[in-house]
Each structure stands twice: as structure tokens, then as C-alpha cells.
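Work through the exercises below with the structure open. Each task is followed by a solution in steps.

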Amino acid sequence: MANAVAENYLQQSTNKYSGIKSWLLTTDHKKIGLMYLIAILFFFLVGVIIGLLMRLELIAPGKTIMDPQTYNSLFTLHGVIMIFLFIVPGLPAIFGNFFLPIQIGAKDVAFPRLNLLSWYVYMIGAILALVSLFLPGGPIDTGWTFYIPYSVRTSTNVSLAIFAAFVLGFSSILTGINFVTTVHRLRAPGMNFFKMPLFVWATYATAWIQIIATPVVGITILLVIIERAFGVGIFDPALGGDPVLYQHMFWIYSHPAVYIMILPAMGVVSEIIPTFSRRTIFGYNAIAMSSLAIAFIGYLVWAHHMFTSGMSDTARWVFSLLTFIVALPSGVKVFNWVATMYKGSIDPQPPFLWVMSFIFLFSIGGLTGLVLGSLATDIHVHDTYFVVAHFHYVMFGGTGTIFFAGLHYWFPKMFGKMYNLKLSKIAVALFFIGFNLLYFPKFILGYMGMPRRYYDYLPQFESLQKISTFGSWILGGTIFFIVGYLIHALIKGKKATSNPWGGVTLEWHIASPPIQENFEVIPTITHKPYDFSQLKEMKNE
Amino acid sequence: MEHSKKHPGYNTYILVWLALLMFTSITVTIAGIDLGKYTLLIAMFIAAIKSALVINIFMHIKFEEKIFKVFLLLSGMTLLIIFVLTFSDFLFR
Amino acid sequence: MNNSHDVALNSHVHRDDVGAKMGMWLFLFTEVLLFGGMFLVYAVYRFQNQEQFKLAALELHTGIGTLNTIILLTSSLTVALSIAAIQNKNKFLSIVYLNATLLLALFFMVNKYFEWSTKFAHGIYPGAKELLEKPNGQILFYGLYYVMTGLHGLHVLIGMIILYIIKRQIKKDIITSDNYVRLENSGLYWHLVDLIWIFLFPLFYLIQ
């Protein structure tokens, strides 16, 4: 393949096929990353549309456009799709796949065929989830947490839907195994652990959570399926089971999963801030270690989802205390990011603006998390809109925003095309306004006592609910606007240079789009990852 | 080839197997005696010894690079933490 | 898996056996945590229903459990010996040991079959009227018994399929004395199955 220097990976095939087969049977981590991007973006948009429909139903009290059972199914689907099909796989599977090998100077991941397999497993899981909607029995209506005993009693297609979650978990595990092995075995010469870019550190920590946490939810889901199918007594209280044990098992995974969602996003932030501040990252070691610390402590806090479930008081204060500790490494990151910008020469390009929006939204999400982490206040706002607002600020304002930040940051590298910078700056502003209009009123509503997952509400909540629905139109419109101008850029965009932002991590040293095996010669790493003195040499290259 | 380290031979494996069989007979015998609440503890202790033998010799972890041992410790710790924290609920109900 | 041959040929140049083993170990951890989750359920319910668990366990046959333990431990030995044989360039012996392993695994499953069918004949199976009349603790015990030994049995079956494929590959010289990491990884999987049984055995058969 040495004679094909001029060709990029989009034009080449890793197998003997051309056309669509060269994609579907590829082992190239970049193509697999793009295949994930297409699939995940599609499911994200489906989730967005479901969210918009829910908001439309809530524009006025009483029935507006759907009946209560449909609403129950929609909020379950919105949760399942957004969690299992979008945020959990999102950043690691798309950007991790594409950039983790490049950033450590590797030609591919450690197990390229396993990588392709995990894409197929993801697709099978996603299709199973969609199929479960249309089979007799009806779409699942338990909420994405599938709490026992309702989930063993309801006649909807719970088994198939949660089996889909099991399959998706398997895909997540395979990706995790691949990334950990890649980081340990395929770093370029000179690339020791403390020369790795922080996105790699974050993805590495995430991969560990994927490996160690996902099996627990896997077995929990299997147990529920077995319980439904064969009437085996496991969690059902009628057969002596303990539903609170189910909640423990579920959250043993699903809380660390929150960090699967947010850690890679934090990694992307640590890439973007130095690039647009032209300054080396402040506190590299602290940020790298805080990724591991978050992965570890994130494992110890799951039962803070269960303060009102009837746990022992001992467990409640233990978990409350541990929850506060996890705020520390997150704080370390935020302070280091801000310190990096100090005295930097900031270039406010779209990716940077997305990150600014992230820091604002994520801080609100994080700080309201402390309100929920303290026992006394949690009891007041538990299962209200306050919780809904909190996790949308963290997940959507955090990871969702960074999904767009990463997409805007790496788009020219992935496709070799540049999008319209002016339009995308407008998009950030609209996104920010729409987001706060949609979710901030929910904090107030929750504090006033509006329970989550309700189809109807009291008249005094109407004005805030209307503002929220209005915000959803701005936000939803902006998302489709972004997808629109990115697709336009893909077709008609200007050709991007190999280093449009002036970044110095390895992906900016290679062509846009990269060639088949990323590097013409595997580089030997001598610099720290964010050493901007390299920029001059790079320009001379 | 990276298999520079010495492999255990047939004899080592057979010795380990004999030890495993011995521990099995011990644990079955002890189970017949009523030791009250220590029964479970002893049974688990013997199971732990047996699994240590399997992991170290049969599964070669003793001869692998250090990083494998670190990984093993990590997953073991994780399991322990899950048990301890879950029982912080059930022990104090 | 369609292009496995091309990649196998390409990767021969820079094969990474340590990386392959690392991947396998990481996968084994996910298995450990999968069963770990079930052991957690078991621990909680045994803690809540100590007397009922003891009573229910009386129904289980310690002899069959012990026999199956010995069978699995021996099959673990034969897999380890099979790897040692291929390291010593003895292809024939390696295949013999793998055959022994497969045979022992089959014994295990046959034993399991007879054990389960006796239970079924006594009306102890999920959803059975006789079982549902028992106290809750015993229903839980048998629920866990069937799920945990069943899932373990499923792993034995998968292991058998894998070892059979590996045996064929040794025969066809795809796995050789200087490229046997697949045999090693399948061996690791088999030892894990054994390892889980080492804990299942005292927890179900030796409660007294």
C-alpha cells in the first residue's frame, strides 16, 4: 500500500471489495468510527423527535396529542435510545475509534475484526430495540430503569427490549477490551503513558468502566428475562425476592455508566481547550489521574439513586458521603481547564465555543448534583423534574454538547472538508438558548413538586411547562440545522487543510483525511502532547 | 517470539491437580462436621486456595507480565467493593 | 469474520501474542463480574434466608456435586497438559489431551442432565406447584440453583464448542508449536469455567 500515499482512507479498501461492501466488511478503525457516527446520529435524531413529541404533549394540561400509555412508552423509549444507543456508545465508539489509535501513533486498534464485530453487535441490539416496538404486546412502558416488580408483571415487550440492552452492553464490552489492549500494546515508540493525549487517558479510563461495570447489568437483565420467561423466583417479592436488590444491581452498572458517558467528553474538552488557547494544558498529570479517580470513585456511589427506596440508614449516609467525594476529581478538571485558558491566546472558533457552553451547562448540572447527593434535600426533590433537569444538564449539556464540540473539532480531519464557521457560531448560541429555556424551568418545576414521568399536571405548572416546550423547539430546530450544514459541508464544503486549528497532537500531523494506515512512517514521540513549540516545525514540514 | 519465560512442565500440572483433589476432599469432609457459622467461612477459604492454584499455575498468571497481575487485582478489588457496599445496606436493615 | 484468512496471513508478520492474551484476560474479567453479580444475589438471599437455604440444600446430592468437581478439575488439568504438549512440539499428545477434556466435559453435562431431571421428577423446577408451596427462601434457593448452574452449564457447552474448533485447527496445523495463542486463550476460558464451579460447589452442595 506504500504506492497509494496520495489516496485517503475514504477512497481505499481494507479488503478485496469496493463500494458498500468495502465499508460493511472493513477493519479500518476510521471507517468503523464513521459507521458508528452514521448509526448513532440516526438514533440520536430519533430520540430527539420522541423528546419533541413528549414536550408537545406537555404544552397544556390534559390530553394534547397522545394517550397516557403512549406517553409511558415514549419516555421509556426516549431514555433507552438516548442512553443505550446514543450517549453510552457515542463518544468512545465514534471519536475513540477514529482518534485513539491515531493519537497514540498506531495503525489500527489491537483487534480490528473484533472492532467490526462490535459495530454489528451494536446494530443488532439497536434493531432488536426497534423491533420490540412493533411486536404484539406493545412497546415497553417501564421507564429505562426497568424496575422490578412492574417489569416482571407488565405485558409489554420488556424481555426483547431489555435483551437489546444486553446485546448493546456486549458491544460496549468488546469496544472496551479493544481500547485497553490498544493503549497497552500499540503505543508508538517514545509514547509513554504520560505523553498520551488526555482524550486517550479519558477513553482508557472509560474502557475500564465498560469492561468492569457492564457485565453486572448484563446478568441483571438476564435474570429479569429468565424470571419473566420461566417464572424463576429471583427479584419478584411474591416469590421472596427483594426488589431493592434489583435496584442495587441495576445501579452498580448504571451509575458507573454515567461516567462512561461523561469521561470521554471530558477528554475531548482537554483536547480542545489547549488547541484554541495555544497553551499547554495546565495540570496534565492532575487531569489524567482525575480520569482514573472518577472511574474508580464513580464505582462507589451507585446507591445515591436509591435514597428513598428503603435502604438501611447506614447505606444511605455511606453513599451520600462517597457521592460528595466524586465531585472532587470533576472539580479538579474544571479548574485545570479554566487555568489553561488563563493568559492563553484564545481563538474563539466553533469547537471552543461549544466547550465554553459545556463548562457552563455542566457546572450547573454538577452543582445541582450535590443538591441531590445530600440526603435531606434529595428526599424533597426525588423523582421530580429537578432530577430530570439535573441529568439533562449533565448528560445532554455535558456529553451531548461535547458530541457536537468533538464533531466540529474533528470534522475537517475526518472528512477533509470545512463547514461554514459563521453558521456554526450561530448554532452554538441558539443551542445554548434553547437548552436553557427547555431545561432550566424544570429545576423550578421540580422544586415546586412536579413529579417526573407524569402525563398530566396541575394548572399552576402550565406557564413553566410552556416555556420548556418552546425551548424544545429552538433546541430541536438547532440540532437539525447543525446536521443540515454539516451535510452541506460534506458535499460542497471547502477543502480543509491538514491542521486548520493549529493543534499539535498526532492527528494534526497527518493528512486530512488520513491515509489508510494513518502514518506513512510510525512517528517517534519526543514531545509532551500539548507542546505548542512544535507548531513552527510543523509549518515547515 | 515473546515466550521467553519458562513454562511449567507436565509434572507441575499433575502436582497441582493432586493438590486440588486433596482440597476438594478436605472441603467435603469438613462440610459433614457441624462448625456453626465457620462452615461457610472455611468452605470459602478452601475455594479461595483452590482458585489461587488454578489462576497461578493452570492459567499461568504467575509467569505473565506484571500488568496482568495488576489487572487481576483490579477486577478482584472491584468485586470486593461491590459486595462490601451492597452489604452496607443489607447488614444494617 | 469473512476476511479472517486475509488478516491471519497479514498479521503473521507482526503477531502480538501478549496482546491477544491481554484481550482474553479482559474478557475473562467480564465473565467474573457477570458471575460475581449472581454470587452477590446469592449472598444477599442466603443472608436473608439462612435456615431455608440449609433446608433446601438438603435435597441436593453431595455425591454428584463432588463427582462433577473432580471431573472439572481433571479436565482443567488435561487442557493445561495439552498446552504443555504443544509447547514440547508434540501435536499428537496435544490432541489426545484435548479429546480427554472434551470427554470429561461431556461426562459433566450428562451428570448435570441426570441431576436436573431427578429434580424435575420430584416437582422441583421453576413454576412447579410443589416448589411454589415451599417457603420463599427455598423458592429463591432453587431459582438461583437453576440459574447459576444452568448458566455455568451453558459456559461448559460453549467451552466444548471452542475446544472442538481448536482441536480441528491443531489437526490442520493452523495452530502449531510456535503459534498456539488460540489454544492458550481457549484454555484460559476453560479454566475460568472450572474456577466458577470451584465456588458454586460449596455454595450449593456443601451447606449441610
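The exercises that follow concern a predicted model.

**Exercise 1. The contact between chains A and C**

Task: Find how many residues of chain A are in contact with chain C, and which helices of chain A supply them.

Solution.
- Step 1. On the chain A side, 33 residues make contact, and they meet 30 residues of chain C.
- Step 2. Three helices of chain A, namely α6 (158-185), α7 (198-230) and α8 (243-277), each give at least two residues to this side.
- Step 3. α7(A) has the largest share, with 11 residues.
- Step 4. Sorted by class, this side of chain A holds 19 nonpolar, 11 polar and 3 charged residues.

**Exercise 2. The contact between chains A and B**

Task: State how many residues of chain B are in contact with chain A, and sort them by class.

Solution.
- Step 1. Contact joins 11 residues of chain B to 13 residues of chain A.
- Step 2. The chain B side is made up of 5 nonpolar, 4 polar and 2 charged residues.

**Exercise 3. The build of chain B**

Task: Decide whether chain B is spread out or a compact globule.

Solution.
- Step 1. Chain B contains 3 helices and 0 strands, in the order α-α-α from the N terminus.
- Step 2. For 93 residues the globule rule gives 12 Å, but the radius of gyration of chain B is 17 Å, well over that value, so chain B is more spread out than a compact globule.
- Step 3. The C-alpha trace of chain B spans about 55 × 35 × 10 Å along its principal axes.
- Step 4. Chain B is divided into domain 1 (1-59) and domain 2 (65-93), and the centres of these two domains, taken over C-alpha atoms, lie 21 Å apart.
- Step 5. Of the 93 residues in chain B, 27% are buried.

**Exercise 4. A helix of chain C**

Task: Compare the span of helix α7 of chain C with the span expected at 1.5 Å a residue.

Solution.
- Step 1. The helix covers residues 136-171, which is 36 residues.
- Step 2. From first C-alpha to last, α7(C) reaches 52 Å, close to the expected 52 Å.
- Step 3. After α7(C) comes Asp173(C), with a positive phi near 60 degrees.

**Exercise 5. One residue of chain C**

Task: Is Ala56(C) buried or exposed?

Solution.
- Step 1. Ala56(C) sits in helix α3 (residues 50-57) of chain C.
- Step 2. A residue is buried if 20 or more other C-beta atoms lie within 10 Å of its own.
- Step 3. Ala56(C) counts as buried because it has 24 C-beta neighbours inside 10 Å.
- Step 4. Leaving aside residues up to four places away in sequence, Ala56(C) touches Gln138(C), Phe141(C) and Tyr142(C).

Key: Residues are numbered from 1 along each chain as its sequence is written. Chains are lettered from A and ligands numbered from 1 in the order in which they are written. This is a predicted model: local features need pLDDT of at least 70, side-chain atom pairs count only at pLDDT 80 or more; totals for chains, interfaces and linings use all residues. Two residues are in contact if their C-beta atoms, placed from the backbone, lie within 7 Å. Helices (H or I, at least four residues) and strands (E, at least two) are DSSP runs, numbered from the N terminus. Ala, Val, Leu, Ile, Met, Phe, Trp, Tyr, Cys and Pro count as nonpolar, Asp, Glu, Lys and Arg as charged, and the others, Gly among them, as polar. The expected span of a helix is 1.5 Å times one less than its number of residues. The radius of gyration is taken over C-alpha atoms; the globule rule is 2.2 Å times the number of residues to the power 0.38. A residue is buried if 20 or more other C-beta atoms lie within 10 Å of its own, exposed if 12 or fewer, and partly exposed in between; C-beta atoms are placed from the backbone. Domain bounds come from an automatic or database domain assignment.
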